[in-house]
Amino acid sequence: MTLWLCLRLYQLPLQALSREEQLPVVITARQRVVACNDIAAEQGVTPGQPVSTAHSLLAEQQCQWLERQPDREQQALERLLGWSYSFSPTVQTWRNDCLLLEIGGCLTLFGGLASLLEQLQSELQRRGFSANPGIAETRRGAWLLSHAPYPLAIDPTRSLSDRLGQLPLTLIDEFTDQVARLEKAGVRDFSNLLALPSPALKKRTHADFRRWLDVLLGNRQEPVPDYQPPAQFEDALWFGFEVRQQDELYPAMSELLQTLCEFMRHTQLDTQCIRWRLLRMQGDSEDLDVRSGSAGHHPKRWLELSKLRLTSLTIGRDIEGLALQAAELQAVQQSTEDLFTDGHSQEPLQALVDRLRSRLGLQAIGHISSRPEHLPEHCVHSTTESAQLATWQPAAGQRPFWLLAQPQPIQQRGSALFWNGPLELLHGPERIEDGWWQSPVSRDYYIAQREDEEPVWIFQDRHSGRWYLHGLFD
């Protein structure tokens, strides 16, 4: 059964800009009050008031006057949309201040409607936002019921028309002229509207309004846009108090990392870098980057690395929130098991490298990496960058793992070759050529054997005819 949940963020203009709880805060637009916090409301300030009236009510108090910022509201709504994706695959924004989630297919997963609503409201409040819920079989019905009294708004056992009955028609702001005509005829709420016989409704309203009403009641279907998750992740939590110790951040870190890893699993994305932002009510945030080539979708590993990075950071006394960003999301790549694992280790060897980097710094740890070059001495190099899953493999052939820093000349006496004794050619040649556009190189590589039967890798420079030792087999 299709069931829509609307979370109407009735204080979004305020909560997108300020979480001040000690002073009155008033959000204004076009010389009108848009929203205010509880302290200002206790002094008589209400949305819709002229700014002059609000000033007179708060004249003798210190307060914050902020201009409404729709861009900030939209950014907050987009962040919450990504968060809501962990509850339902079908989500969307609605009317610039609402989240809509199709929850009919996920009630069993979350233990029923009551459990799902409790979790949603709790996590939403932790993110610093308040919402009025509404549940219905249609999206428009869910939004209208978010204005209904609790628990009527979330009781899907009653019919939609019955629950809509006491709501005023003035909520229908798409057809203000139609609503005005209906009110003049004595039709002031949905119970009056839905009781009208079809001929009377057709006489008093035009076709667009009747189509809107059919969609509201589920008699006419409308397309639902597919949600495309963003290419980056961002979420934030507010503590409600001032953080003074590092360990006070750990529960919020764990919760945010759990949300991030769920988001990446659902979207089949991965990241090797996350950014923590220690948030202040006023002033700039403090940023902390954490990198890992192995943490992937494991929140416990990310938390361990984050704790190590926090040891190098001094926490200011005005930190009241924590945000997590992952801007470098990429498609999940197939992982490989550690070559040296004994089968009892709980994490790959790369996790040790991540911990050392977090403790000592990125430049303190290096590794050997391959790159797409023809000449053997250029194929392998040392780097301090995070290891990536190799998409290039060297050309097939019998080659040693260890190469000399510089090829060593081999003595030649007639057709015999000597390097710490005579050499016997066993296999070859393997021809390698490169650099024809600048400094041409042409070599024939062979596997040779010394007197002690140890194999070595040698080549003949085809331009000079000289022989060189290039590698030793283990």
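In this predicted model, the 18 residues of helix H12 (residues 250–267) should span 26 Å at 1.5 Å a residue, and the end C-alpha atoms of H12 are 26 Å apart, which agrees; the expected span is 1.5 Å times one less than the number of residues, and helices (H or I, at least four residues) and strands (E, at least two) are DSSP runs numbered from the N terminus. Local features need pLDDT of at least 70, side-chain atom pairs count only at pLDDT 80 or more, and totals for chains, interfaces and linings use all residues. Residues are numbered from 1 along each chain as its sequence is written, and side-chain values use heavy atoms, with hydrogens and water left out.

Among the buried residues of H12 are Leu256 and Thr259, and just after the helix Gln268 takes a positive phi of about 55°. Both Leu256 and Thr259 are touched by Asp235 (contact means heavy atoms within 4.5 Å), a residue of strand S8 (residues 233–243). Asp235 counts as buried because its relative accessibility is 4%, buried meaning under 20% relative accessible area, exposed over 50% and partly exposed in between (1.4 Å probe, protein chains only). Asp235 also touches Arg127.

Strand S20 (residues 441–449) is mostly covered, with seven of its nine residues buried. Strand S19 (residues 422–434) runs antiparallel to S20 and is joined to S20 by eight bridges, where pairing requires that DSSP find at least two bridges between two strands; Asp434 stands opposite Val441. S20 also pairs in the antiparallel sense with strand S21 (residues 455–461), over seven bridges, Gln449 having Pro455 as its bridge partner.

How values were computed
Lists of a residue's contacts leave out its neighbours within four places in sequence.
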